[in-house]
Amino acid sequence: MPIQLTSQAYCKMVLHAAKYPHCAVNGLLVAEKTKEKKKDSHGEPVLCVDCVPLFHGTLALAPMLEVALTLIDTWCKENSYVIAGYYQANERTKDSRPNQVAEKVAARISENFSDAAIVMLDNSRLTMSCFEPIVLIYDHHENKWKSREVTFDCFEDWSEAQKITSALLEGRSYENLIDFDNHLDDLRNDWTNPVINKSVLDLC
Amino acid sequence: MASVSEMYDVGWEEMRDKLRKWREDNCRNSEQIVDVGEELISEHASKLGDDIWIIYEQVMIAALDCSRDDLALTCLQELRKQFPDSHRVKRLSGMRLEALERYDEANKHYDAILQDDPTNTAARKRKISILKAQGKGTEAIRELNEYLEQECLRCVCCVKMTHPQLYQSAYCFPCHFHSYGKAAFCLEELMMTNPHNHLYCEQYAEVKYTQGGLENLELSRKYFAQALRLNNRNMRALFGLYMSASHIAASPKVSAKVKKDNMKYAAWAATQINRAYKMAGRGTKENKCSMKTVEEMLESMQITMS
């Protein structure tokens, strides 16, 4: 089942990358947990309603990643969400391929959610106007991660996502985006980003 | 567009002091530096005295980060006029070429500096950064290792004390390329010369944990504990202590005593974590949810670990 992104999920990923232009960043994508598997649910896209920005800088260290995964998993259960994917933007502009870290985390997510996807951000196409989607989506097929063609169908509403992301970038909202690293620096920083979520809602 | 001084109601002295603080803390908030610095330079240059030169340097580097080549060039030209034969300014010229991705020309600048002064760390570091930017990670690490070895042969203490940045980058590159052994080595050196720095202890513990295996886990637990002794508010160290102790306690290879001891450490860490969240959540409704989530997470981990 292919994944689809809401405006909130997409714009928070882009804001995270924009906040730390000189670092690699990563995070998790969450989807609503469906109550029961409908018989004809094959082929229906999984809607990623939100994302949780995790780290910036060194992405490859295990302990905080484990803490984040477990904590966010617990939070998901309380809110009827499920961790459905992983996103990453690499440090170098021209490098947008998933690396070992991405594959490891995605494999871990797949243990709980079989259709987990990796979303890579293409740094070289990041602009203020966001005139085109800058994500690459990878699905797991036959033990390999293969990229899928990204169309406007990968978004719940691309023109809304584009409008909101562009507006928030112009307004420098990324300065207020909180990731899990910020949370570990000061526990009062809320990684669910209620302020940004509200801004997104206001712009819808 | 409103000026910085209008928007934030600050005078030029405050702007100058802010720039100094960002310099001292090594912040990379380039957009803000450009906003504040550009205004300071264009409207208050005469009041800054000799500070202006270091401000030109700081603003120039921030301008490169923001693709403001116009501003970078202005700053660079002022610096060239004032310090025509300076290696430091030559390095800035090199950095501008790097930002424009003209790596060969940049390397020529740095090679020229190194010919004149083979010990120039800044130029060596830039050359290594170019390799990294070009995706030549293994070469970058090799160059870094060679440089560190050479320096160690010449003057061990000196280098470590005066160039922690070099060791720090030396630790970041290997992590990026999964050479955790090399990262651990760099952190060991940093810890030796900076024994009171809780961040190095905690980062070392994280690298050991990532390397895995019982021995590394026990080492990581010790260093997380050490980091906490140095700074009892380091949340990463607290979580790290909890995770490492829990994993050790859950391992089938440990004796009953070790298991019991580690369960005690983990339980202590869990209490401290809960307390820290409680303190952070005082008064805010949203953070109370966060506290509940952490409590549940710690409980559920106890179940899976035991």
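This is a predicted model: local features need pLDDT of at least 70, side-chain atom pairs count only at pLDDT 80 or more; totals for chains, interfaces and linings use all residues.

Helices are DSSP runs of H or I with at least four residues, numbered from the N terminus, and in that numbering B:R236 lies in helix α14 of chain B.

- Helix α14 of chain B runs over residues 235-250, and its 16 residues reach 22 Å from the first C-alpha to the last, close to the 22 Å expected at 1.5 Å a residue.
- Because 14 of the 16 residues of α14(B) are buried, this helix is largely enclosed by the rest of the structure.
- At the start of α14(B), the backbone nitrogen of B:R236 has a side-chain oxygen of B:N234 within 3.1 Å.
- B:R236 has a relative accessible area of 14%, and it counts as buried because that value falls under the 20% limit.
- Apart from residues up to four places away in sequence, B:R236 touches A:M64, A:D181, A:L184 and A:D185 in chain A, together with B:E202, B:E206 and B:F224 in chain B.
- With one of these partners, A:D185, the side chain of B:R236 makes a polar contact of 2.9 Å.

**The interface of chain A and chain B**

- In the contact between the chains, 29 residues of chain A meet 37 residues of chain B.
- About 3000 Å² of area is buried between chain A and chain B, and carbon and sulfur atoms give 58% of it.
- The rule finds 11 residue pairs in polar contact across this interface, with both residues of each pair at pLDDT 80 or more.
- On the side of chain A that touches chain B, the elements giving two or more residues are α2 (62-78), α3 (100-110) and α5 (180-185) of chain A, and the largest share, 10 residues, comes from α2(A).
- Six salt bridges are found across the interface of chain A and chain B, and B:E101 and A:K94 have side chains that meet in a salt bridge with an N to O distance of 2.6 Å.

- Helix α1 of chain A covers residues 7-19, and because its 13 residues should span 18 Å at 1.5 Å a residue, the 18 Å between its end C-alpha atoms agrees with expectation.
- This helix is mostly covered, with 12 of its 13 residues buried; among them are A:Y10, A:M13, A:V14 and A:L15.
- In soluble globular proteins, nonpolar side chains tend to be buried together.
- The largest nonpolar core has 112 residues, and those with the most contacts inside it are A:Y10, A:M13, A:L29 and A:I72.
- A second, separate core has 36 residues, including B:W22, B:V36, B:I55 and B:L71.
- Leaving aside neighbours within four places in sequence, A:Y10 is in contact with A:L5, A:E132, A:P133, A:I134, A:V135, A:F155, A:W158, A:A161 and A:T165.

**Chain B as a whole**

- The secondary structure of chain B comes to 16 helices and zero strands, and 46% of its 306 residues are buried.
- Of the contacts in chain B with a separation of 6 or more, 52% are between residues 24 or more positions apart.
- B:K108 lies in helix α7 (residues 103-116) of chain B, and it counts as exposed because its relative accessible area of 60% is over 50%.
- The C-alpha atoms of B:K108 and B:S244 are separated by 48 Å, and the two residues are 136 residues apart along the chain.

**Salt bridges**

- Over all chains, the structure holds 28 salt bridges.
- B:D69 and B:R96 form a salt bridge whose closest N and O atoms are 2.9 Å apart; the pair links distant parts of the chain, with B:D69 in helix α5 (residues 69-82) and B:R96 in helix α6 (residues 87-99) of chain B, 27 residues apart.
- Within this pair, B:D69 is partly exposed at 26% relative accessibility, whereas B:R96 is buried, with a relative accessible area of 13%.
- Salt bridges that share partners join A:R172, A:E175, B:E31 and B:D35 into one network.
- B:R68 forms a salt bridge with B:D70, the closest N and O atoms being 3.0 Å apart; B:R68 is partly exposed at 23%, and B:D70 is partly exposed at 48%.

Technical notes:
Residues are numbered from 1 along each chain as its sequence is written. Chains are lettered from A and ligands numbered from 1 in the order in which they are written. Side-chain values use heavy atoms; hydrogens and water are left out. The expected span of a helix is 1.5 Å times one less than its number of residues. Buried means under 20% relative accessible area, exposed over 50%, partly exposed in between (1.4 Å probe, protein chains only). A nonpolar core is a set of buried Ala, Val, Leu, Ile, Met, Phe, Trp, Tyr and Cys residues joined through side-chain atoms within 4.5 Å. Contact means heavy atoms within 4.5 Å. Buried area is the accessible area (1.4 Å probe) that two parts lose on being put together, summed over both. A salt bridge is a side-chain nitrogen of Lys or Arg within 4 Å of a carboxyl oxygen of Asp or Glu. A polar contact is a pair of N or O atoms within 3.5 Å; within protein, one must be able to donate a hydrogen and the other to accept it, and residues adjacent in sequence count only if both atoms are side-chain atoms.
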